[in-house]
Amino acid sequence: MTAEASSSGSVPASTGTVTTAVPARLDRLPWSRWHWMIVIGLGTVWILDGLEVTIVGNVAGRIAEDGSGLDISSAQITGLAAALYVAGACSGALFFGWLTDRHGRKKLFMLTLVVYLAATALTAVSFESWWFFLFRFLTGFGIGGEYAAINSAIDELIPSHYRGRVDLIINGSYWLGAIGGALLSIVMLDTDIFAKDVGWRLSFALGVVLGLVVLLVRRHVPESPRWQFIHGQGEKADTLVSSVEREIEREKGAKLPPPAGEITIHQRKSIGFGLIAKTVFRRYPRRAVLGLSLFIGQAFLYNAITFGFGTILITFFDVPTGSTGYYFAVIAAGNFCGPLLLGHLFDTVGRRIMISSTYLLSGVLLFGTAWLFDRGSLTATTMTACWCVVLFFASAGASSAYLTVSEIFPMETRAMAIAFFYALGTAAGGISGPLLFADLTESGVVGDTVLAFQIGAGLMCAAGLVAAFLAVKAERRSLEDIAEPLSTAAPDTAGPGAKTA
């Protein structure tokens, strides 16, 4: 059967059987300007996410003050609003993840960014607590969809030789935004510059302006050729990859080597939920346990504890509300340096060793921090230093959770797999966590905060042990080799009239 893809997006693509070298052609590409465009167009949104979430954490105290324009408490912002943001992210991941696998990566990573930006803009004009809560949920709804659409697109466009480090650094770039958000909050909370009811609103508005710039850049990021050839658009995939190959050959001044092999697949327009669930839990049960463990561990550490760091500084070390941003900027720098400096080791030393060691090291170090805090041995400065070291390793581990679930399941289920594990793991740690730990860290009782630290540390260590036994050796392997596409057909079933891309 011949698979034909229309050159016009308005004409539905037909499906059939196709033999293609597109995956091998993408994986053998050297790093180029085209890949930088992918990284900038897709990765920069994490900077915006980090900017906004950090701003919320650092301005929580100011928004709760009289004269802010909102009748809301600090505990409601770091507890209820944070839980709603995460609930929105979980819902958005599942909804947009399903659409991403059906309708393509590009349409959805454009749509999710628009949702995210609109909700953030409307948060800035909050006049009642219910409005603030509603648009925190919708902001999360958009960012959850971003996680599914972008991580699947990145892994399908980046060559296997670089996939691990690029994925980690892009997910870790969240913390560049966190540094910016922490420092920006210092300026925005300065009442000599902005009134109490203005500064925090402008913080959200700035995120919208930066997001619009990202939206313009993202228009040039192409659809995933891997998604195209499976969904009846084989000719489009071939045309896209051929143009990229010509561009890179001109840039490098040399011919590319021949691709390593071909794959024959039965094209299909959509994949049902039943097949996705059967694939994830029946075909790959060990991988499902791995993904869930990694996400629950990192979700508790970050959503439940780290984002309450400003409250801990204020409650236990009498740090002024307007100064918490300095401390958070330091731990955010540690978070970014982890994936930046350790990322290449995930491609060289290997996934299993690096995932398990980063989770275990961060958990053990957090247990040590809890012990020192319980003894009263820490100041605001030394507490920040301890967290910086803990999060250097934890951030690399947390970023590897997204990498893991996006590469260990078949192509047809990729976005939904990311969405499912993100939603389930984050719901466990990111919804229940803030609601539980907001009271623990605000109680003023040292033992309560120590308990919060110990829970996060214990879950990170548990996830590290699971990874030591179950992590997949995915380094420098093609996605199709790690998990064979559900649509794969034996080459001899293609027949003499089958399309070759």
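The legends below describe close-up views of a predicted model.

In this predicted model, local features need pLDDT of at least 70 and side-chain atom pairs count only at pLDDT 80 or more, whereas totals for chains, interfaces and linings use all residues. Residues are numbered from 1 along each chain as its sequence is written, and side-chain values use heavy atoms, with hydrogens and water left out.

**View 1. Overall composition of the protein.** The protein has 19 helices and three strands, where helices (H or I, at least four residues) and strands (E, at least two) are DSSP runs numbered from the N terminus. Of its 501 residues, 59% are buried; buried means under 20% relative accessible area, exposed over 50%, and partly exposed in between, with a 1.4 Å probe and protein chains only. Among contacts (heavy atoms within 4.5 Å) between residues at least 6 apart in sequence, 86% join residues at least 24 apart.

**View 2. Packing of helix α6 against helix α14.** Helix α6 (residues 163-172) and helix α14 (residues 324-348) pack at an angle of about 165°, with their axes 7 Å apart; axes are lines fitted to C-alpha atoms, for helices over the stretch in contact, and angles run from 0 to 180 degrees between N-to-C directions. That makes α6 roughly antiparallel to α14, given that angles under 35 degrees count as roughly parallel, over 145 as roughly antiparallel, 65 to 115 as roughly perpendicular and the rest as oblique. The residues of α6 in this contact include Arg163, Leu168 and Ile169, and those of α14 include Phe336, Leu340 and Asp347. By class, the contact of α6 with α14 has six nonpolar, four polar and three charged residues; Ala, Val, Leu, Ile, Met, Phe, Trp, Tyr, Cys and Pro count as nonpolar, Asp, Glu, Lys and Arg as charged, and the others, Gly among them, as polar.

**View 3. Packing of helix α14 against helix α15.** The axes of α14 and helix α15 (residues 351-374) come within 7 Å and cross at roughly 140°, and the two helices are therefore oblique to each other. Leu342, Leu345, Phe346 and Asp347 of α14 make this contact with Arg351, Met354, Ile355 and Thr358 of α15, and these residues divide into five nonpolar, one polar and two charged.

**View 4. Packing of helix α15 against helix α18.** At an angle of about 160° and with their axes 8 Å apart, α15 packs with helix α18 (residues 446-470), so that α15 and α18 are roughly antiparallel to each other. The residues of the contact of α15 with α18 divide into 20 nonpolar, nine polar and two charged.

**View 5. Ser242 in helix α10.** Ser242 is placed in helix α10 (residues 234-252) and, with a relative accessible area of 17%, is buried. Although Ser242 and Val22 are 220 residues apart in sequence, they are 9.3 Å apart in space, C-alpha to C-alpha.

**View 6. Two loop residues with positive phi.** Most residues other than glycine have a negative phi. Asp318, in the loop between α13 (309-317) and α14, has a positive phi of about 55° although it is not a glycine, and at 65% relative accessibility Asp318 counts as exposed. Arg476, which lies in the loop between α18 and α19 (479-482), has a positive phi near 60° and, at 41% relative accessibility, counts as partly exposed.
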